[in-house]
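Please examine the model, then work through each solution in turn.

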Amino acid sequence: MQLVRVGVISCAAALGLAALIRGALIVVTVDGYSMAPTLSHGDRILVLRRRFGGRARRGSIVVMLSPAMAEAGVEIAADRPERSLVKRVTALGGDPDPRGGGIVPAGSLFIVGDSAYSVDSREFGPIPAELLLGVVIRRMSAERPGSDRGR
């Protein structure tokens with residue numbers, strides 16, 4: 001009877017931990033080329049949600065709700081890549097604005113894509129940090145036709 005009780009408690013703990021991890025981590029598929037060559041269209045990335053400790057730092061790759069979607073009243077949705085941006089943080093609130101002439105407002109992030117063709121804060125300016133969904137913690141393999149497992 002004691003063995004059954006330990007087994008049930010162990011299973012319940014494992015299920016609780018799995019639920020916590022599932023809530024803290026999400027997988028997002030990159031839609032576009034703005035982070036090339038670091039990330040490619042179709043890459044899958046593992047994101048630590050902001051509410052579970054995903055903090056943006058200079059150099060972090062982040063997933064954010066696009067400002068246009070925020071203005072339209074759309075909520076952050078990890079399963080809807082067209083609503084989100086995957087970019088690199090280059091400045092935090094209080095840092096000099098990379099475009100020159102001022103500072104990044106408190107509570108804002110200056111985000112840019114690694115590609116020269118990225119539409120990012122260089123065009124639309126710093127964006128509110130509350131639009132942050134989370135921080136990329138790992139690039140996962142992408143299955144692309146004709147590729148060697150996404151390398």
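**Exercise 1.** Determine which side chain of opposite charge is nearest to Lys87, and how far away it is.

*Solution.* A salt bridge requires a side-chain nitrogen of Lys or Arg within 4 Å of a carboxyl oxygen of Asp or Glu. A polar atom of the Lys87 side chain does lie 3.1 Å from the backbone oxygen of Val119. Lys87 itself belongs to strand β4, residues 84-92.

This is a predicted model, in which local features need pLDDT of at least 70 and side-chain atom pairs count only at pLDDT 80 or more, whereas totals for chains, interfaces and linings use all residues. Residues are numbered from 1 along each chain as its sequence is written, and side-chain values use heavy atoms, with hydrogens and water left out.

**Exercise 2.** Identify the salt bridge in which Asp120 takes part.

*Solution.* Asp120 pairs with Arg122, with N and O 2.6 Å apart. Asp120 is buried because its relative accessible area is 1%. Arg122, at 43%, is partly exposed, a class that lies between buried and exposed (over 50%).

**Exercise 3.** Which parts of the chain does the salt bridge between Arg58 and Asp95 tie together?

*Solution.* The closest N and O atoms of Arg58 and Asp95 are 2.7 Å apart. Arg58 lies in the loop between β2 and β3 (61-65) and Asp95 in the loop between β4 and β5, so the pair joins parts 37 residues apart in sequence. Arg58 is exposed at 52%, whereas Asp95 is buried at 14%.

Methods:
Helices (H or I, at least four residues) and strands (E, at least two) are DSSP runs, numbered from the N terminus. Buried means under 20% relative accessible area, exposed over 50%, partly exposed in between (1.4 Å probe, protein chains only). Lys and Arg count as positive and Asp and Glu as negative; His and the chain ends are not counted. A polar contact is a pair of N or O atoms within 3.5 Å; within protein, one must be able to donate a hydrogen and the other to accept it, and residues adjacent in sequence count only if both atoms are side-chain atoms.
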